[in-house]
Amino acid sequence: MARKGEKRIEPTQEAADAVPFGSGRWRVSGSMGLYLRSRARTKTYVVVRRVGGRLVERALQARTMAAARREAQRVWSALRPDSSGERWTLAQALDQYLTERELRPKTIKNYRGALCRYAKDWLRRPVESVMLDRVGVRSRILHVQREHGVGAARLLYCTLSVLFRYYRRYFPSAPEPPTAVIAKPRCAPRDSALDADALRRWWCIVNNLPAKERTYWLTVLLTGARCSSVLALRWEDVDFERRTIRFGIAKTNPYSVPMSDRLAVVLLEWQAASPPSEWVFPGRNGPVAVPFAGRRHGLPEAHSLRHTFRTTLAALGAPMEIAMVLLGHSFGGSVSLGYVTVNLLLEPAREWAEKVAAYYAEILQWQ
């Protein structure tokens with residue numbers, strides 16, 4: 001039953017679009033507990049239901065009215081007071097989470113791998129049983145840290161934390177996640193940037209590699225991009241006219257960067273010499289599936305070139321915002337950065353991409 005004075009809208013996308021920004025919360029007719037929340041710049045959907053004498057609110061991931069109505073049905077049912085008989089096991093929670101979220105294949109592999117390798121004996125346990133076992137969770141994370149390293153312990157911690165928080169969205173009466181009071185394992189900052197001498201040794205090896213491998217390593221060096229982003233490049237992502245490169249595969253969102261003149265020459269030469277393909281670095285049935293072997297040639301990991309790129313930008317005095325644009329980092333970390341329009345910084349960032357290329361050229365004595 002609608003409360004007196006409650007604003008209501010019809011369950012259509014047109015009605016949602018017509019709601020003025022900053023107008024508060026609107027009840028969606030015909031959907032149990034579904035509201036449209038209109039803030040100054042955003043519109044989101046929430047489900048509200050009274051559980052155990054208190055109002056429980058759950059934000060939805062949906063961005064359209066149709067998707068919100070579908071998701072609201074699931075959330076409303078999960079919030080009902082008598083849902084205690086429908087608790088999930090840890091394996092079920094993982095499957096449900098991976099079904100609802102759009103995640104990168106590598107992220108899915110990491111989540112499944114963390115539980116199957118380090119908590120396989122917990123997969124059939126009810127989630128709440130694991131959540132109540134704070135001592136057991138802490139002991140398991142410490143054991144993994146001792147036996148497999150800080151990185152593995154941190155992955156297990158983050159996987160469990162994600163699933164516990166997700167579970168509480170459906171079952172608000174569940175206990176507080178133990179990961180909320182257990183310290184997250186901290187990895188030491190990676191210090192793998194190459195100095196001038198290391199860069200010269202790197203170039204002595206790379207300069208003698210086959211053209212495709214040499215082009216790959218130079219692209220990583222001159223963009224600071226992750227190896228997976230570079231390997232997934234299509235020629236349509238490389239705009240020689242505007243001198244930009246778009247990385248469609250990235251850790252967060254796809255991003256574009258200015259292409260230095262030197263890198264443009266390298267890629268044009270490779271395009272002329274490479275076999276016809278939509279991929280910049282073609283494999284048998286698509287792009288090269290795995291990074292070009294660096295250890296076989298005595299090269300450091302490709303990711304160390306990303307550290308080198310960032311360190312070089314810092315040494316040259318590049319502003320933080322410019323470095324974030326060139327590396328494709330998210331601007332959502334603070335209110336101030338949230339006001340930055342990334343696309344408008346591409347041309348200002350070009351100067352710094354050229355400066356990095358010039359720095360490398362001087363060290364490596366490129367003509």
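I take buried to mean under 20% relative accessible area. By that cut-off, 46% of the 367 residues of the chain are buried. I note at the outset that the model is predicted.

**Entry 1: overall layout**

I looked up the secondary structure. I find 14 helices and 8 strands in the chain. I then checked the extent of the C-alpha trace. Along the principal axes it spans about 75 × 55 × 40 Å. Next I turned to contacts between residues at least 6 apart in sequence. Of these, 57% join residues at least 24 apart.

**Entry 2: α8 against α14**

How do α8 and α14 lie relative to each other? I took α8 as residues 196–206 and α14 as residues 346–364. Their packing angle is about 75 degrees. The axes are 9 Å apart. Angles from 65 to 115 degrees count as roughly perpendicular, so I log α8 and α14 as roughly perpendicular to each other.

I listed the residues that meet. From α8 I have A196, L199, R200, W202 and W203. From α14 I have Y360, I363 and L364. I sorted this contact by class: 7 residues are nonpolar, 1 is charged and none is polar.

**Entry 3: R226**

I went to the loop between α9 (211–223) and α10 (227–231), where R226 is found. Is R226 buried or exposed? I find R226 buried. I looked for a salt bridge and found none for R226. The nearest side chain of opposite charge is E301, and it is 12 Å away. A salt bridge needs a side-chain nitrogen of Lys or Arg within 4 Å of a carboxyl oxygen of Asp or Glu.

Which residues does R226 touch, not counting those up to four places away in sequence? I wrote down K251, H303 and R306. K251 and R306 count as positive, as R226 does, while His is not counted.

**Entry 4: positive phi at R243**

I checked the backbone at R243. Its phi is positive, about 60 degrees, although R243 is not a glycine. R243 is found in the loop between β6 (238–239) and β7 (244–247). The relative value is 26%, so R243 counts as partly exposed.

**Entry 5: positive phi at Q365**

I looked at Q365 next. Phi of Q365 is near 55 degrees, again a positive value in a residue other than glycine. Where is Q365 placed? I find Q365 in the segment after α14. Relative accessibility of Q365 is 66%. The cut-off for exposed is over 50%, so I log Q365 as exposed.

How values were computed
Residues numbered from 1 in each chain as written. Predicted model: local features only at pLDDT ≥ 70, side-chain atom pairs only at ≥ 80, totals over all residues. Heavy atoms only, no water. Helix = DSSP H or I, 4+ residues; strand = E, 2+ residues; numbered from the N terminus. Buried < 20%, exposed > 50% of the residue type's maximum accessible area, 1.4 Å probe, protein only. Contact = heavy atoms within 4.5 Å. Axes fitted to C-alpha atoms, helices over the stretch in contact; angles between N-to-C directions. Parallel < 35°, antiparallel > 145°, perpendicular 65-115°, else oblique. Nonpolar A, V, L, I, M, F, W, Y, C, P; charged D, E, K, R; others polar.
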